[in-house]
Amino acid sequence: MRLKDRVALVTGGASGIGRAIAARFVAEGAIVVIADVTTVVREGGQPTHEWLGIEHVQTDVSVEAECEAAVARVVARHGRLDVLVNDAAITLGKPLLDCSREEWDRVLAVNLTGCFLMSRAAVRAMLAQAPRGEVRGRIVNISSQHGMVASPGDIAYGTSKAGVAYLTRQVAVDYAAQGIVCNAVAPGKILTGKTGRAIDPAMIAYSEARTPWPRLGRPEDVAGAALFLASDDAMYVTGENLMVDGGWMAY
Ligand SMILES: NC(=O)c1ccc[n+]([C@@H]2O[C@H](COP(=O)([O-])OP(=O)(O)OC[C@H]3O[C@@H](n4cnc5c(N)ncnc54)[C@H](O)[C@@H]3O)[C@@H](O)[C@H]2O)c1
């Protein structure tokens, strides 16, 4: 019960990695609220909030008012917000010359601006609450190895994830004195319910070739790292971007 009675808000928690994080946090004693645009589970199965018996707040993280409302609802209902997980993201799969202005704007709006808007709302709420020990609140961003190395043929996604890694360090530095901890988990190739390009045999073969560990990742692998960064086991750790990539970036 490493998150006993901690209040956590998980964006993108309906599916995939976010769903695994929500499940792990609940198993560790947290009160979890999901903020997602949909309750549909991409990989199939019962909606996450029903499965876990928790609340789902309909939220598009690219919309400022919806981010503010999601955080306000958590605080009103549970009295505080201990952990924000910024997991919601979309991919596009287009290189520079094929990427329209509208497509670029949409990917950046969800993946990077969404992280900014949710973090801003959360930090504002966290600064208004009493600390638990040294820590007033924690943010765990889900970044990617893409953004550190190029995301082949996906300029908007890779750029957005580079921004998330930077935003992580910036928030960590600016609010450390006030007890805000901000870290990221950078997954390598994780098999979730994504369709299309993500499961294209050529992309899977590319990912396998890049991954020294003899399998691709599972959502639970990322959830374990997110749990560490959300818990008091991660003390004096801030501004970090923790790879969970089977060695991809070491290769
Ligand atoms: N799967 C991978 O291989 C991999 C690798 C590196 C990083 N990541 C990152 O991990 C995170 C989760 O990826 P996943 O594979 O589980 O994806 P996924 O598509 O299975 O889940 C993403 C979730 O985000 C939600 N979402 C999308 N747009 C939203 C919006 N505007 N507002 C709120 N919610 C929104 C979706 O509804 C979905 O529930 C993402 O940040 C992704 O970039 C994934």
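These legends describe close-up views of a predicted model.

**View 1**
Val-61 places a polar backbone atom 3.0 Å from a nitrogen atom of the ligand. Lys-161 uses its side chain instead: an N or O atom there is 2.8 Å from a ligand oxygen. At Ile-190, a polar backbone atom is 2.8 Å from an oxygen atom of the ligand. On its own, the ligand has 830 Å² of accessible area, and the protein covers 95% of that.

**View 1. The largest nonpolar core.**
This core has 29 residues. Six of them have the most contacts inside it: Ile-21, Phe-25, Val-32, Val-85, Val-140 and Val-185. Several elements each supply at least two residues. The helices among them are helix 1 (16-27) and helix 7 (219-230). The strands are strand 1 (7-11), strand 2 (31-36), strand 4 and strand 5 (137-142). Which helix gives the most to this core? Helix 7 does, with seven residues.

**View 2. Asn-111 in helix 4.**
Asn-111 lies in helix 4, which spans residues 101-127. Is Asn-111 buried or exposed? Its relative accessible area is 3%, so Asn-111 is buried; the cut-off for buried is under 20%. One of its polar atoms lies 2.9 Å from the backbone nitrogen of Ile-90.

**View 3. Ser-119, also in helix 4.**
Helix 4 holds Ser-119 as well. Ser-119 counts as buried because its relative accessibility is 3%. Now trace the chain from Ser-119 to Ile-180. The two residues are 61 residues apart in sequence. In space, their C-alpha atoms are 11 Å apart.

Leu-96, Leu-97 and Ile-155 make a nonpolar surface patch of about 340 Å². Where is Leu-96 found? Leu-96 is in the loop between strand 4 (83-86) and helix 4 (101-127). The relative accessibility of Leu-96 is 57%, so this residue counts as exposed. Exposed here means over 50%.

Definitions and conventions. Residues are numbered from 1 along each chain as its sequence is written. This is a predicted model: local features need pLDDT of at least 70, side-chain atom pairs count only at pLDDT 80 or more; totals for chains, interfaces and linings use all residues. Side-chain values use heavy atoms; hydrogens and water are left out. Patches are made of residues with over 30% relative accessible area and no salt bridge: like charges are joined within 9 Å, nonpolar side chains (Val, Leu, Ile, Met, Phe, Trp, Tyr) within 5 Å. Accessible areas come from the Shrake-Rupley method with a 1.4 Å probe; for residues, only the protein chains shown count as cover. A salt bridge is a side-chain nitrogen of Lys or Arg within 4 Å of a carboxyl oxygen of Asp or Glu. Helices (H or I, at least four residues) and strands (E, at least two) are DSSP runs, numbered from the N terminus. Buried means under 20% relative accessible area, exposed over 50%, partly exposed in between (1.4 Å probe, protein chains only). A polar contact is a pair of N or O atoms within 3.5 Å; within protein, one must be able to donate a hydrogen and the other to accept it, and residues adjacent in sequence count only if both atoms are side-chain atoms. A nonpolar core is a set of buried Ala, Val, Leu, Ile, Met, Phe, Trp, Tyr and Cys residues joined through side-chain atoms within 4.5 Å.
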